[in-house]
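Here's a quick look at one chain, starting with the whole fold and ending on a single residue.

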Amino acid sequence: MNYFDRSDLSFSLCGLNCAICSMKIDGHCPGCGGGNGNQGCSIARCSIKHGGFKYCSECETYPCSKYDGITEFDSFITHRNQISDMAKMEKLGIDEYRFELEKKSQILKYLLENYNDGRKKTFFCLAVNLLDLIDSENVVQQIKKRITRETTVKEKASVAVECFEAVAKQNGIILKLNKKPSKVK
């Protein structure tokens, strides 16, 4: 999108955690305002129209009608915490929130390098996105205690999923993307 550039490519204009998104990790999206990303983004167009806010929360009408039902369904990244993450960023300040995102990004990279059997990238992105940082850090410690040098990658992935699922269940979180039902023709 012309004239839509942002310096913070880890946390989007609308509250998505780009730093821990599978599309960004794979290089398919540069992040919100980082180049040739989502060119049709109505929220980015709205920001330009209203003076180029860094985050929607800076706008006096936030949350506007563009946020109606936004947390109901996910795309390739979860939208469930979009509004609460924006509130958290406002409370902590962008520098501290970005620091937390960087720590989550490091956890995600570690998981993908050591526990991904080729089928867990979306799961790990979702888990790290939805769980608090301290919970993700604790899960990684639990995983490390349960594996040995002889543990295969497939077994490591299974242990990681089991540990994340247990903590998510304790917190009432379902680690599955909420996809919008497809329209039946």
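What follows covers the model, the overall fold, the surface and one residue.

## About the model

This is a predicted model, where local features need pLDDT of at least 70, side-chain atom pairs count only at pLDDT 80 or more, and totals for chains, interfaces and linings use all residues. Numbering runs from 1 along each chain as its sequence is written, and side-chain values use heavy atoms, with hydrogens and water left out.

## Overall fold

The chain has seven helices and zero strands (DSSP runs: H or I of at least four residues for helices, E of at least two for strands). Its radius of gyration is 17 Å, close to the 16 Å from the globule rule for 185 residues, so the chain is as compact as a globular protein of that length. That radius is taken over C-alpha atoms, and the rule is 2.2 Å times the number of residues to the power 0.38.

Among contacts with a separation of 6 or more, 71% join residues 24 or more positions apart; contact means heavy atoms within 4.5 Å.

## Burial

Of the 185 residues, 42% count as buried, meaning under 20% relative accessible area with a 1.4 Å probe, protein chains only.

## A look at N17

N17 sits in the segment before α1 (22-25), and at 3% relative accessibility N17 counts as buried. The side chain of N17 makes a polar contact with the side chain of N129 at 2.9 Å (a pair of N or O atoms within 3.5 Å, one able to donate a hydrogen and the other to accept it; residues adjacent in sequence count only if both atoms are side-chain atoms). Beyond its neighbours within four places in sequence, N17 has contacts including F11, I77, D85 and Y97.

Methods:
Buried < 20%, exposed > 50% of the residue type's maximum accessible area, 1.4 Å probe, protein only.
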